[in-house]
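Morning, everyone. Please have the sequence and the model open while I talk. I will start with single residues and then zoom out.

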Amino acid sequence: CVVTGDLRYRDLAWKQIEALFNHPEWSEWQDLAHLGRYPADLRTGMFALDLALAYDWLYDYLTSEQRRWLVDGLDRRAIQPFWQCVERKASWTTGGNNWCTVIVGGIGVLGMSLAGDHPDSQRLVDFSRKRITAYLKDYGREGEFNESVGYSQSTRLPVTYFAALACSIGNGGEVLSGWPLEQAAVWSAYTYLPPGRYMSFGDGGTDSPPVMSW
């Protein structure tokens, strides 16, 4: 839609977005494997990131009523459950593993996207930036990841986070060059094995293809 101006793409995207907030069609904003412990988890963070990008890209192609509806839904399904987890001191709210990059990072990008359209936007950015920046210290000197090879693919999330931050507020992009993310890219490349999979070491699917985008 943004590239071609063809509104059919917007309509298809909006149909998918509406389904995410429609309980009969899609009620699961949490992984079924993690229900009951906290009101937000990996899936919440993934949806937050995807919908942040959708809100940014489609902003000029949505009505004010559509934007307001989406912000209200995100507040209910993502932002408030996230703050409840912070209040309950969920371990991933302080960093230390890929859950932090997925959930805190995804919610942080959502804050950047919503900006003045949600009162908690700046608070989300400030909270996430502090923790994602601290998370980078967990990488080894040569970019080694502190979890399995498979989970190291989640390095794409801090890359996405700081790229979004650079676009949002004009700084943060400097983190993308130098340690640890450049070294992590090289370290990850050395774990690739033919035919198009990553090294089977630790948790992760042996037949999963490497994530190359970051």
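Start with Leu42. Leu42 sits in helix H2, which covers residues 42-58. One thing before I go on: this is a predicted model.

Is Leu42 buried or exposed? The relative accessible area of Leu42 is 12%. Buried means under 20%, so Leu42 counts as buried.

Which residues does Leu42 touch, once we skip those up to four places away in sequence? They are Asp31, His34, Asn98, Trp99, Val102 and Ile103. Take Asp31 from that list. Leu42 and Asp31 are 11 residues apart along the chain. Their C-alpha atoms are separated by 6.9 Å.

Now hold on to Asn98, one of the residues that Leu42 touches. Asn98 turns up again with our next residue, Ser154.

Where is Ser154? Find the loop between H5 and helix H6, where H6 is 156-169. Ser154 is in that loop. Its relative accessibility is 8%. That is under the 20% cut-off, so Ser154 is buried. Leaving out residues up to four places away in sequence, Ser154 touches Asn98, Thr101 and Phe145.

Next, the helix pair H4 and H5. Helix H4 is residues 98-114, and helix H5 is residues 121-135. Their axes are 8 Å apart. The packing angle is about 145 degrees. The crossing of H4 and H5 is left-handed.

Who makes that contact? From H4, the residues include Asn98, Thr101, Val104 and Ile107.

Now a second pair, H1 and H3. Helix H1 is residues 7-20, and helix H3 is residues 64-87. Their axes come within 11 Å. They cross at roughly 35 degrees. The crossing of H1 and H3 is left-handed.

On the H1 side, the contact is made by Trp14, Ile17, Glu18 and Leu20. On the H3 side, look for Gln66, Trp69, Leu70 and Arg77. By class, this contact has 5 nonpolar, 1 polar and 2 charged residues.

One more residue: Arg197. Arg197 lies in strand E2, residues 197-198. Its relative accessible area is 25%. Compare its position with Asp138. Arg197 and Asp138 are 59 residues apart in sequence. In space, they are 25 Å apart, C-alpha to C-alpha.

Now zoom out to the whole protein. How many helices and strands does the protein have? It has 7 helices and 2 strands. Along the sequence, the pattern reads α-α-α-α-α-α-α-β-β. The radius of gyration is 18 Å, close to the 17 Å from the globule rule for 214 residues, so the protein is as compact as a globular protein of that length.

The C-alpha atoms fill a box of roughly 50 × 45 × 35 Å along the principal axes. Buried residues make up 44% of the 214 residues. The protein exposes about 11500 Å², and carbon and sulfur atoms supply 54% of that.

Last point, on contacts. Take those between residues at least 6 apart in sequence. Of these, 64% join residues at least 24 apart.

That's it from me.

How values were computed
Residues numbered from 1 in each chain as written. Predicted model: local features only at pLDDT ≥ 70, side-chain atom pairs only at ≥ 80, totals over all residues. Heavy atoms only, no water. Axes fitted to C-alpha atoms, helices over the stretch in contact; angles between N-to-C directions. Helix = DSSP H or I, 4+ residues; strand = E, 2+ residues; numbered from the N terminus. Left-handed = near helix turned anticlockwise from the far one by under 90°. Contact = heavy atoms within 4.5 Å. Nonpolar A, V, L, I, M, F, W, Y, C, P; charged D, E, K, R; others polar. Rg over C-alpha atoms; globule rule 2.2 N^0.38 Å. Buried < 20%, exposed > 50% of the residue type's maximum accessible area, 1.4 Å probe, protein only. Areas by Shrake-Rupley, 256 points an atom, 1.4 Å probe, with all protein chains shown as cover.
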